[in-house]
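Here is a short report on a two-chain model.

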2 protein chains.
Amino acid sequence: MNNSVVTIYKIGGGIIDDAAELSQFLELLAQTAGLKILVHGGGKGASTMMRELGLTPQLINGRRVTDAATLDIVTMFYAGKTNKQVVAELQRCGVNALGLSGADGNVIRGVKRPVKDIDYGYVGDLEPASVNAGLLQQLLSAGLLPVLCPIIHDGQGQLLNTNADTIASAVAVALAGAYTVKLHYCFEKNGVLRDVADEQSVIPQIDAASYADLKQQGIIADGMLPKLENAFAALQQGVSEVIIGHARNVGNSLHTVLCLK
Amino acid sequence: MNNSVVTIYKIGGGIIDDAAELSQFLELLAQTAGLKILVHGGGKGASTMMRELGLTPQLINGRRVTDAATLDIVTMFYAGKTNKQVVAELQRCGVNALGLSGADGNVIRGVKRPVKDIDYGYVGDLEPASVNAGLLQQLLSAGLLPVLCPIIHDGQGQLLNTNADTIASAVAVALAGAYTVKLHYCFEKNGVLRDVADEQSVIPQIDAASYADLKQQGIIADGMLPKLENAFAALQQGVSEVIIGHARNVGNSLHTVLCLK
């Protein structure tokens with residue numbers, strides 16, 4: 001590990017679907033110092049277009065069932081429209097962004113999810129070993145900001161739909177051998193809240209010990225639980241810190257920092 | 001100029017729209033030696049989807065009039081679906097391809113075409129100076145095969161629709177200072193034909209002198225004329241040779257080679 005810090009930012013559909021929010025976030029991102037990678041999710045555009053084309057989007061447990069027609073549409077939206085709009089806006093902000101699907105430069109290769117109870121279709125699973133960390137290092141060294149969309153490939157010519165959270169954590173872990181890695185999840189709240197109804201009740205820092213306490217007290221529950229479990233899994237695999245906060249607070253200190261100790 | 005040769009291949013809509021033809025071409029491309037860049041056009045998919053969405057594609061002199069809704073669709077098709085399918089197929093063939101729009105890495109920056117008689121909308125004009133040759137050199141040096149789609153940007157956050165032939169020749173000219181550049185146009189004929197009805201009548205080589213003769217004799221006329229004018233313009237700007245032939249003959253010698261002398 002060297003002393004260089006790289007921060008992996010992840011933005012989800014809520015920001016993608018709000019042009020003003022997205023622009024504001026990208027401007028803030030452009031003002032932050034240091035090496036960066038941006039991972040973006042999908043948003044509602046793909047489902048809207050599917051309905052306009054007479055197709056029926058199907059989600060199970062929040063995961064999109066991806067038949068061939070759906071894969072075409074999500075590839076067009078995520079790797080085409082969203083990825084290129086984000087890249088063009090970052091260029092406007094003076095940031096030399098470069099958009100990538102997992103197929104590009106073989107940067108993320110995954111496997112089609114095996115059919116157990118549910119056939120998700122062309123959905124890909126990946127792990128940190130699926131990430132071409134060497135190429136990301138070359139791009140970062142060349143002064144570029146890689147922008148990753150949630151479409152990967154299997155190396156056999158098949159594109160696969162996947163999940164931006166999973167990509168962000170896999171990339172973070174894969175780069176942890178070469179950099180001090182921070183993983184910054186942007187979402188619609190100011191951080192992990194002591195009281196879900198109070199946006200001012202952000203817990204500034206959580207380590208492994210206080211996390212166990214917060215779980216036991218029931219302060220962390222429901223939707224935050226899987227998010228934080230994944231965050232601590234990334235920390236255990238070498239990521240230095242995980243940051244959870246609102247996209248509009250990127251660059252300031254209103255967020256929750258998770259670390260092992 | 002150094003001794004390294006780079007070949008810029010351009011494929012058009014005819015190949016993009018024929019999955020078997022496209023696969024065959026990409027396999028042949030994978031077997032050719034040397035540094036390569038691939039530029040692809042659009043195909044009919046974008047117009048088909050526009051009609052399915054109740055939009056009316058509008059073309060003037062073969063150029064697409066590109067309003068905001070059309071730009072979204074062509075960006076999705078060219079930079080999303082087509083570009084990523086081509087990249088994934090090249091990866092299957094063992095080629096480390098990396099897809100780019102002009103916005104990615106600021107690789108091609110253009111200007112929105114000024115409105116004279118016709119308002120083409122979000123259509124971009126570019127020239128060799130618009131090309132970030134340094135980034136293409138870095139990618140080639142890293143063992144990557146850049147795959148360019150005909151979407152560029154203006155540096156102010158606006159994506160622009162453009163033409164793959166123009167991109168191919170601008171990239172070829174831009175790289176002519178750093179490499180020996182060959183520009184290979186793949187189209188639906190075996191080359192420049194002495195008799196348009198006879199695919200076996202390919203003229204193997206045309207130089208500036210014989211080109212003047214062929215024009216005078218009326219053997220080169222109609223659709224071939226602007227193609228060859230553009231080819232000779234590229235040669236005059238430092239490209240070493242321009243090759244015109246069928247996609248399925250990439251790697252063999254059935255084609256027309258254009259050179260200055």
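B:Gln205 stands opposite B:Val257, a residue of strand 14 of chain B. Strands here are DSSP runs of E with at least two residues, helices are runs of H or I with at least four, and both are numbered from the N terminus. The model is predicted, so local features need pLDDT of at least 70 and side-chain atom pairs count only at pLDDT 80 or more, while totals for chains, interfaces and linings use all residues. Residues are numbered from 1 along each chain as its sequence is written, and chains are lettered from A and ligands numbered from 1 in the order in which they are written.

**The sheets**

Strand 12 and strand 14 of chain B run parallel and are joined by two bridges. Two strands count as paired if DSSP finds at least two bridges between them. Both belong to an open sheet of eight strands in chain B, in the order 5-8-2-1-11-13-14-12, with mixed pairing. Strand 5 and strand 12 (205–206) are its edge strands, and each pairs on one side only.

Chain A has an open sheet of eight strands in the order 5-8-2-1-11-13-14-12, also with mixed pairing. Strand 5 (97–100) and strand 12 (205–206) of chain A each have a single partner strand, so one side of each lacks a neighbour in the sheet. Strand 12 of chain A pairs with strand 14 (residues 256–258) of chain A in the parallel sense, over two bridges. There, A:Gln205 has A:Val257 as its bridge partner.

Two helices of chain A pack on this sheet. Contact means that C-beta atoms, placed from the backbone, lie within 7 Å. Angles run from 0 to 180 degrees between N-to-C directions, with axes fitted to C-alpha atoms, for helices over the stretch in contact.

| Helix of chain A | Strands of chain A touched | Angle |
|---|---|---|
| Helix 4 (residues 68–92) | strand 2 (35–40), strand 5, strand 8 (145–148) | about 170° with strand 5 |
| Helix 6 (residues 164–175) | strand 1 (5–11), strand 2, strand 8, strand 11 (180–187) | about 175° with strand 1 |

The expected span is 1.5 Å times one less than the number of residues. A residue is buried if 20 or more other C-beta atoms lie within 10 Å of its own, exposed if 12 or fewer, and partly exposed in between. Among the buried ones are B:Ile167, B:Val171 and B:Leu175. Their cover includes strand 1 (5–11), helix 5 (133–141) and helix 8 of chain B.

Helix 8 of chain B (residues 224–236) has 13 residues and reaches 18 Å from first C-alpha to last, close to the expected 18 Å. Its buried residues are B:Met224, B:Ala231, B:Ala234 and B:Leu235. They cover an arc of only 100° around the axis, so they sit on the same side of helix 8 of chain B. The arc is that of the directions from the helix axis to the C-beta atoms. B:Leu225, B:Pro226, B:Glu229 and B:Gln236 are exposed on the other side.

The buried residues pack against helix 6 (164–175), strand 11 (180–187), strand 13 (241–246) and strand 14 (256–258) of chain B. Helix 8 of chain B lies across strand 11, strand 13 and strand 14, at about 45° to strand 14 of chain B. Just after this helix, B:Gly238 takes a positive phi of about 110°.

**Between the chains**

The same surface serves both copies, as 100% of the contact residues of chain B recur in chain A.

The contact takes 33 residues from chain B and 33 residues from chain A. On the side of chain B, helix 4 (68–92), strand 5 and strand 9 (151–153) are the elements that give two or more residues. Helix 4 of chain B gives the most, with 13 residues.

**Two loop residues**

A:Asp222 has a positive phi of about 50° although it is not a glycine. It lies in the loop between helix 7 (208–216) and helix 8 (224–236) of chain A. A:Asp222 is exposed, with 8 other C-beta atoms within 10 Å.

B:Asn106, not a glycine either, also has a positive phi of about 50°. Its loop runs between strand 5 (97–100) and strand 6 (111–112) of chain B. B:Asn106 counts as buried, with 23 C-beta neighbours inside 10 Å.
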